[in-house]
Amino acid sequence: MRRSLDEESDEIVTVKLDFVNEFNSVRRDHLLDSIASNTPELYCFAFAKYSCEPKLVYGNHIILSREGNQQGDPLSSLEFCDALQPTLSSLKSDIRLGFMDDVTLHGKVDVVAADVETINAASGVTGLVLNPLKCEIIANNFDSVPSLAVFNEFKRVNTRDMTLLGVPVQRGPAVELALRTKLEDLNRAMSRLTMLHSHDALVLLKNSLSLPKLLYTLRTSECCDSPVLPQIYAALRDGLSIEY
């Protein structure tokens with residue numbers, strides 16, 4: 001995506017798509033058909049889970065569970081991807097990225113618009129409906145982007161502010177904002193760790209709170225010369241040096 005954005009012209013756009021209640025909305029008949037076609041070795045297991053309508057009991061009320069993946073299903077992510085993959089494979093954009101329910105398209109504006117329409121048209125089969133208010137269209141210059149109805153409700157984002165899977169794609173203000181947000185989260189976490197025993201505090205810092213997300217950002221964004229990095233290092237050093 002970074003290489004593509006470096007070569008971007010006024011005719012090129014990127015869109016990030018968001019589905020409404022995605023994992024709970026995918027049609028189970030389509031899910032089973034996709035498993036049978038793409039991963040038939042898992043079909044018997046999937047059929048045992050989704051061929052029936054489990055009963056959800058609340059007081060005197062019984063609700064039949066008829067749509068979506070079951071919560072707690074260890075294969076729910078794979079099953080969801082299997083159900084979405086045929087639609088993604090039919091698209092024509094230059095770049096078609098799907099990480100579970102996060103879909104990103106990149107290419108000429110008319111081709112990307114046609115792909116979004118294809119996804120909308122497939123909702124009757126897949127059960128997946130786009131939430132346009134949470135979708136994004138990303139470009140360098142929106143004055144040169146045609147006014148297409150399919151993008152009317154999409155949030156407009158400049159390329160320099162684009163994030164992908166929670167990480168800034170290009171160097172600049174987006175990287176600084178992401179790092180400062182992580183620094184604030186880290187400082188907040190450090191201040192609260194003083195209320196815990198030292199061993200418990202270290203375990204929490206290492207495995208949860210803000211540290212894993214911070215490491216993810218550092219490893220995936222171009223931030224090696226950011227002025228925020230020394231502040232992050234200082235916060236980590238000071239936090240690990242506190243006597244709990």
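**Figure 1. The largest nonpolar core has 32 residues, and Val15, Leu17, Leu105, Val116, Ile137, Phe151 and Phe154 touch the most other members.** A nonpolar core is a set of buried Ala, Val, Leu, Ile, Met, Phe, Trp, Tyr and Cys residues joined through side-chain atoms within 4.5 Å. Buried means under 20% relative accessible area, exposed means over 50%, and partly exposed lies in between (1.4 Å probe, protein chains only). Strand 1, helix 3 (28-38), helix 4 (43-50), helix 5 (76-89), strand 5 (102-108), helix 6 (109-121) and strand 6 (136-139) each give two or more residues to this core. Helix 6 supplies the largest share, 5 residues. Helices (H or I, at least four residues) and strands (E, at least two) are DSSP runs, numbered from the N terminus. In soluble globular proteins, nonpolar side chains tend to be buried together.

The model in all views is predicted, so local features need pLDDT of at least 70 and side-chain atom pairs count only at pLDDT 80 or more, while totals for chains, interfaces and linings use all residues. Residues are numbered from 1 along each chain as its sequence is written, and side-chain values use heavy atoms, with hydrogens and water left out.

**Figure 2. Ile137 and its contacts.** Which residues does Ile137 touch, beyond those up to four places away in sequence? They are Val13, Thr14, Val15, Phe142, Val145, Phe151, Phe154, Lys155, Arg156 and Val157. Contact means heavy atoms within 4.5 Å. Ile137 is among the residues that touch the most other members of the largest core.

**Figure 3. Lys16 in strand 1.** Is Lys16 buried or exposed? Lys16 is buried, with a relative accessible area of 17%. The side chain of Lys16 reaches the backbone oxygen of Thr163 at 2.7 Å. That is a polar contact: a pair of N or O atoms within 3.5 Å, where, within protein, one must be able to donate a hydrogen and the other to accept it, and residues adjacent in sequence count only if both atoms are side-chain atoms. Leaving aside neighbours within four places in sequence, Lys16 is in contact with Val103, Thr104, Cys135, Glu136, Ile138 and Thr163.

**Figure 4. Helix 4 and its buried side.** Ala46, Lys49 and Tyr50 are the buried residues of helix 4. They lie on the same side of the helix, because they cover an arc of only 75 degrees around its axis. The arc is that of the directions from the helix axis to the C-beta atoms. The face turned away from this side carries the exposed residues Cys44 and Ala48. What do the buried residues of helix 4 pack against? They pack against helix 3 and helix 5.

**Figure 5. Helix 3 packed with helix 4.** The two helices pack at an angle of about 170 degrees, with their axes 9 Å apart. Axes are lines fitted to C-alpha atoms, for helices over the stretch in contact, and angles run from 0 to 180 degrees between N-to-C directions. Helix 3 and helix 4 are therefore roughly antiparallel to each other. Angles over 145 degrees count as roughly antiparallel, under 35 as roughly parallel, 65 to 115 as roughly perpendicular and the rest as oblique. Helix 3 makes the contact through Arg28, Leu31, Leu32, Ile35 and Ala36, and helix 4 through Tyr43, Ala46, Phe47 and Tyr50.

**Figure 6. Leu88 in helix 5.** Leu88 is buried, at 12% relative accessibility. Leu88 and Thr118 are 30 residues apart in sequence, and their C-alpha atoms are 9.4 Å apart in space. Not counting residues up to four places away in sequence, Leu88 touches Arg96, Gly98 and Val103.

**Figure 7. Asn120 in helix 6.** At 32% relative accessibility, Asn120 is partly exposed. Asn120 and Leu130 are 10 residues apart along the chain, with 6.9 Å between their C-alpha atoms. Asn120 touches Leu130 and Val150, with residues up to four places away in sequence not counted.

**Figure 8. Asn21 and its positive phi.** Most residues other than glycine have a negative phi. Asn21 is not a glycine, yet has a positive phi of about 50 degrees. Where is Asn21? Asn21 sits in the loop between strand 1 (12-17) and helix 2 (22-25). Asn21 is partly exposed, at 46% relative accessibility.

**Figure 9. Leu165 and its positive phi.** Leu165 has a positive phi of about 55 degrees and is not a glycine. The loop that holds Leu165 lies between strand 8 (163-164) and strand 9 (167-168). Leu165 is partly exposed, with a relative accessible area of 40%.
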